[in-house]
Protein chains: 2
Amino acid sequence: MNRREFGSVLAGGLVSSSFARHRWLPARGQPPRVNGDRLNAHLTAISRFGANPQGGVTRLAYSDADKLGRDFVLGLMREARLEPSIDLAGNIVARRSGSDASLRPLLFGSHIDSVPEGGNYDGNVGSLAAIEVARTLAEQGITTRHPIQVVVWQNEEGGLYGSRAVSGQLTGNELTNVSRSGKTIADGIVFLGGDPTRIAEARRRKGEIAGYLELHIEQGGTLEREKLDIGIVEGIVGIKQWEVTVSGFANHAGTTPMDQRHDALLAAAKFVEAVNRIVRSVPGRQVGTVGRIQAYPGAPNVIPGQVVCTLELRDLDDAKIVTLYGRIETEARRIGEENGTSFAFKSLHENVSAPSDPRVRTLIAEASRELGLTTKVMPSGAGHDAQAMAQLGPMGMIFIPSIGGISHSPRELSRPADITNGANVLLATLLRMDEARFT
Amino acid sequence: MNRREFGSVLAGGLVSSSFARHRWLPARGQPPRVNGDRLNAHLTAISRFGANPQGGVTRLAYSDADKLGRDFVLGLMREARLEPSIDLAGNIVARRSGSDASLRPLLFGSHIDSVPEGGNYDGNVGSLAAIEVARTLAEQGITTRHPIQVVVWQNEEGGLYGSRAVSGQLTGNELTNVSRSGKTIADGIVFLGGDPTRIAEARRRKGEIAGYLELHIEQGGTLEREKLDIGIVEGIVGIKQWEVTVSGFANHAGTTPMDQRHDALLAAAKFVEAVNRIVRSVPGRQVGTVGRIQAYPGAPNVIPGQVVCTLELRDLDDAKIVTLYGRIETEARRIGEENGTSFAFKSLHENVSAPSDPRVRTLIAEASRELGLTTKVMPSGAGHDAQAMAQLGPMGMIFIPSIGGISHSPRELSRPADITNGANVLLATLLRMDEARFT
């Protein structure tokens with residue numbers, strides 16, 4: 001197909017509402033569609049790498065299962081007539097040329113590593129759909145203007161290591177962190193075919209990409225509950241995590257009267273309740289969680305003298321996180337005064353929020369509408385490689401429903417039809433970005 | 001001294017209020033007293049076995065430090081002209097003959113094993129004071145009517161193993177339990193010189209002992225706070241322990257809205273508060289503690305799907321424990337209904353309460369008054385070997401103050417003068433029991 005037949009239909013964010021004039025329309029006037037059956041078959045096929053007896057997978061980054069899954073992905077990429085390679089950070093990057101040498105590449109992809117006892121959809125859907133999109137382009141003889149790159153990021157679940165290396169957010173001392181596979185990040189990168197000593201060369205600069213798209217399962221229950229097809233991600237929430245230490249005084253649980261205790265766990269319990277109450281006290285979709293807790297010395301017959309727990313707050317608005325944290329800290333101080341205990345907060349981890357590009361959101365909405373799919377604009381409460389890519393260029397994310405909102409579990413499930421829909425929205429959005437000479 | 005000069009002054013619980021007529025009064029009319037300086041020097045000496053750099057001791061039962069401490073004790077017993085031996089359960093039992101062959105032995109003693117990073121007083125005070133009492137009798141040429149036995153029980157801290165073997169409460173399958181030293185109970189008993197294959201022969205029957213006395217530090221702050229010298233233990237509280245499992249649903253902390261969560265830790269936090277509130281809602285000295293807690297999977301970014309914690313209730317009145325537990329269980333069910341979680345309780349451990357003998361309490365009060373010491377009748381919130389001995393005969397316990405109520409800690413401390421007072425009350429009470437031909 002000659003691209004001159006079809007001019008750009010998008011200027012300054014204005015998007016065509018008709019497929020009719022698009023340059024990549026095949027002869028019979030139908031926009032291209034992915035092969036949904038093939039995509040779902042590939043998803044079934046990849047689930048054997050690290051399969052758990054009870055269902056789901058444990059495909060920890062840098063494990064043998066991860067390596068085998070990546071080899072499978074490399075094979076699919078070659079079948080899709082892509083040219084895959086491993087970058088210095090260990091990511092798989094598969095290239096396809098575009099027709100306009102002046103344009104930066106459009107990237108799309110996801111990851112295939114999993115949490116321990118994870119599911120078959122988190123990451124896999126986006127990775128295999130990206131390959132399916134590229135294969136569809138190849139099969140239908142569509143040459144994009146932008147070069148395209150299908151990316152499968154390494155070690156997303158451990159902390160977006162592959163994508164953060166590329167966005168320049170990975171610090172050198174993180175390379176010695178030990179991943180859940182038991183390997184250090186550096187050893188893991190070597191294992192995957194990268195070179196941690198040259199990892200800085202994997203970095204790309206702001207503006208080096210024309211855009212980034214990622215399809216992913218929602219990992220929440222909103223779309224399914226509201227019977228919607230597609231989530232248009234307005235941004236990935238900011239995350240702040242703290243380690244909270246409650247200090248009281250350990251004493252004999254038999255001999256210390258109730259009114260003489262400095263019970264760190266009683267104070268921590270009031271703290272857990274306060275976090276829930278404060279986070280829910282203001283309107284919005286912010287969440288707050290205490291996910292880990294341990295009491296010391298930790299015997300049934302000893303009043304806990306110390307409790308260490310975590311606090312995590314997430315919201316699209318980083319300032320709201322700061323406000324909520326301030327209220328929680330004040331309340332913790334008050335709780336401590338009640339029984340002579342004290343609270344100390346240590347920052348563990350911080351991710352600033354990453355808004356998606358409004359133009360991309362419009363194109364996703366447009367593509368969904370053309371496909372007859374219902375949509376909802378929503379935040380991503382989970383972190384994704386897309387948030388690292390948002391540092392480099394315009395980013396968009398497409399969600400499909402997760403049954404029951406279950407994720408990071410063998411019970412994670414997305415319907416084949418939703419997966420096909422998601423892949424078609426990915427394809428259609430990509431073509432719209434390309435059409436618009438997106439930068 | 002001829003015992004015929006002094007008749008029994010105690011009949012049917014009536015106790016003489018004067019020392020003047022006691023048969024064991026030395027020529028000059030002064031009741032015998034222990035050598036307090038020597039006793040406190042021995043306490044300092046034993047503290048080197050298992051001494052921690054930061055103070056206190058780690059003298060775990062069946063450890064080398066325990067063995068060395070016991071060898072030290074054996075030496076002190078021989079200096080006190082006792083005849084020590086190791087019984088089949090690994091306890092040290094040191095005998096001294098009495099003059100009346102028709103009387104059963106009076107036992108007194110304690111233990112010398114410690115918790116990890118414990119103090120220098122828990123157990124040691126009672127053990128070394130018992131030896132000092134026996135030495136005082138020998139030095140002052142006092143022959144009791146009852147045979148006496150100074151006992152140093154093995155592995156009190158691990159669960160009253162030595163005394164429960166003797167009272168017949170130890171079950172055979174407990175011998176395979178692994179103690180904190182790393183040895184099984186059976187291997188530990190062999191290590192100490194006992195014979196676990198013949199442990200049943202260490203058992204004594206109800207009525208085989210004339211009585212049991214134990215001096216111990218209070219391990220609570222009541223005596224010190226109220227500036228009292230001696231605690232007269234009215235009984236050792238009953239203890240019930242449960243493992244509590246809260247089941248919710250683990251989910252992604254970023255993607256699961258606050259109102260869609262089945263957070264097991266939020267429910268457990270409300271449970272911890274409820275235990276405290278319910279236990280304090282009725283008058284009395286009952287205590288309730290949640291000492292151990294763990295959330296699963298236990299990651300900062302995962303809503304806990306399960307929490308396992310402990311519940312412990314103690315009171316002198318076993319029926320009150322049952323009542324409080326019923327209220328706690330009902331409240332737990334209500335808490336679970338609030339957020340779709342459920343509570344399951346599994347009994348971990350149960351000790352029925354062990355009242356002391358009222359006649360012995362009267363004699364302790366009498367002895368204390370004669371020594372010019374103030375007293376308070378109080379429960380023992382802690383478990384002691386005395387509770388096992390209460391199964392075999394009349395039991396009495398004497399408490400001395402613990403500074404700040406601190407115990408099971410290197411900061412555990414009792415004043416030398418209080419230790420000497422306690423040993424003198426032990427001696428005087430023993431002589432009164434002997435005088436009364438106690439059975």
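**Reading a two-chain model**

Modeller: Let's start inside chain B: seven of the ten residues in strand β7 (residues 238-247) are buried, so the rest of the structure largely encloses β7(B). Buried means 20 or more other C-beta atoms within 10 Å of a residue's own, exposed means 12 or fewer, and partly exposed is in between, with C-beta atoms placed from the backbone. Strands (E, at least two residues) and helices (H or I, at least four) are DSSP runs numbered from the N terminus. Keep in mind that this is a predicted model, where local features need pLDDT of at least 70, side-chain atom pairs count only at pLDDT 80 or more, and totals for chains, interfaces and linings use all residues. Residues are numbered from 1 along each chain as its sequence is written, and chains are lettered from A and ligands numbered from 1 in the order in which they are written.

Colleague: Which strand pairs with β7(B) over ten bridges?

Modeller: Strands pair if DSSP finds at least two bridges between them. Here β12(B) (residues 306-315) is the antiparallel partner with ten, and L311(B) in that strand bridges to W242(B). β7(B) also pairs with β13(B) (residues 342-351), again antiparallel, over nine bridges; there, A344(B) stands opposite T245(B).

Colleague: And how do I read packed helices?

Modeller: Two packed helices are described by the angle between their axes and the distance between the axes. In chain B, the axes of α9 (residues 358-370) and α11 (residues 416-435) come within 9 Å and cross at roughly 125°. Axes are lines fitted to C-alpha atoms, for helices over the stretch in contact, with angles from 0 to 180 degrees between N-to-C directions. α9(B) and α11(B) are therefore oblique to each other: under 35 degrees is roughly parallel, over 145 roughly antiparallel, 65 to 115 roughly perpendicular, and the rest oblique.

Colleague: How are the two chains related?

Modeller: Two copies of a chain are related by a rotation about an axis and a shift along it.

Colleague: How many residues of chain B are in contact with chain A?

Modeller: 51, meeting 51 of chain A; contact means C-beta atoms, placed from the backbone, within 7 Å. On chain B's side, α7(B) (264-280) gives the most, with nine residues.

Definitions and conventions
Two residues are in contact if their C-beta atoms, placed from the backbone, lie within 7 Å.
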